[in-house]
Amino acid sequence: MPDSSTAPRALRLGVAGPVGTGKSSLIATVCRALATELRLGVITNDIYTDEDARFLRSAGVLDPERIRAVETGACPHTAIRDDITTNLLAAEDLERDFAPLDVVLIESGGDNLTATFSPALVDAQIFVLDVAGGGDVARKGGPGIARADLLVVNKTDLAPYVGVDVEQMVTDAEAAREGRAVLALSRHDAASVAALRAWVLTMLASHRGGTHIPQDPGPMAPHFHADEDHPDGGFVHSHEHGSSDATPVHDHSRTPAARG
Ligand SMILES: Nc1nc2c(ncn2[C@@H]2O[C@H](COP(=O)(O)OP(=O)(O)OP(=O)(O)O)[C@@H](O)[C@H]2O)c(=O)[nH]1
Ligand SMILES: [Mg+2]
């Protein structure tokens, strides 16, 4: 591994995916696998609480002070894609307070299939699905499934209980991703944890070597936000990005409730 003292800054690695697919657990697994050889930090994003940060602190996988919570107060993608200021400041604070860090893992609040990180916030991103969400999810597409740097099909140990064919799910995911990496993972399967660890180390080496170029998985589709303060009870909200770090354009056009 190259000397990290010459690295410009830590690799910022985003972890996104639907609610409950195992993002916090994956981060705990990465910390457990790498905390003795790498200097790590973690930032969690929750809408209303610091639940994920508390879970990770209690998992005892990292010095609790290296785990910081950002309370987004809004739907999670807002803070990881549209206005990344709070997360960027949290990452910079963490990197300064514990300099030098090798990797900062940033967990998105659990959202739906559409939320991805801005490449202005993270250098690389993992999108997490789980078998319990159904074997067909990998075929449903979306920017994270199609173009995250790594797609994880998580909780493979549960596959027999939910009637999912993991191999088929991985094959479907690979087809949706045009050859980008897919990893079937279970925290109970040591070989899969070793593969995840190896992927992180390879990404870190590419980041340090300057050969990894952060990719934008793409914008999300216009979608509905429930908002009880709004007279119509909700609004449609679209995100248009001319470039990765351009000022986002928001279209909060009022509309009767229609789920997206
Ligand atoms: N069987 C099994 N359960 C897992 C695995 N990974 C995570 N879980 C469980 O899945 C549930 C959700 O895990 P979390 O890590 O909290 O998921 P998350 O994506 O961070 O959830 P949110 O932050 O709320 O969106 C917990 O009960 C975990 O114990 C796994 O590999 N196998
Ligand atoms: Mg979590």
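Is P18 buried or exposed, and why?

Reply: In this predicted model, P18 is buried, because 20 C-beta neighbours lie inside 10 Å and 20 or more is the number required. P18 is found in the loop that runs between strand 1 (11-16) and helix 1 (23-34). Setting aside neighbours within four places in sequence, P18 makes contact with G110, D111, N112, L113 and G133.

P18 also belongs to an annotated stretch. The unreviewed UniProt entry records a "binding site" covering G17, P18, V19, G20, T21, G22, K23 and S24. S24, another residue in that annotation, is found in helix 1. S24 counts as buried because 23 other C-beta atoms lie within 10 Å. Residues up to four places away in sequence not being counted, S24 touches D52, F55, L56 and E107.

Within helix 7, M169, D172 and A173 are buried. Viewed down the axis of helix 7, the buried residues fall within an arc of 100°, and therefore line one face of the helix. In general, an α-helix has 3.6 residues a turn, so residues three or four places apart point the same way. The buried residues of helix 7 pack against helix 5 (143-147), strand 6 (150-154) and strand 7 (181-184), whereas the face turned away from the buried side carries the exposed residues E167 and A175. After helix 7 comes E178, with a positive phi near 50°.

Technical notes: Residues numbered from 1 in each chain as written. Chains lettered and ligands numbered in written order. Predicted model: local features only at pLDDT ≥ 70, side-chain atom pairs only at ≥ 80, totals over all residues. UniProt positions renumbered as here; feature names shortened; annotations may be inferred. Helix = DSSP H or I, 4+ residues; strand = E, 2+ residues; numbered from the N terminus. Buried ≥ 20, exposed ≤ 12 C-beta atoms within 10 Å, placed from the backbone. Contact = placed C-beta atoms within 7 Å. Arc of directions from axis to C-beta.
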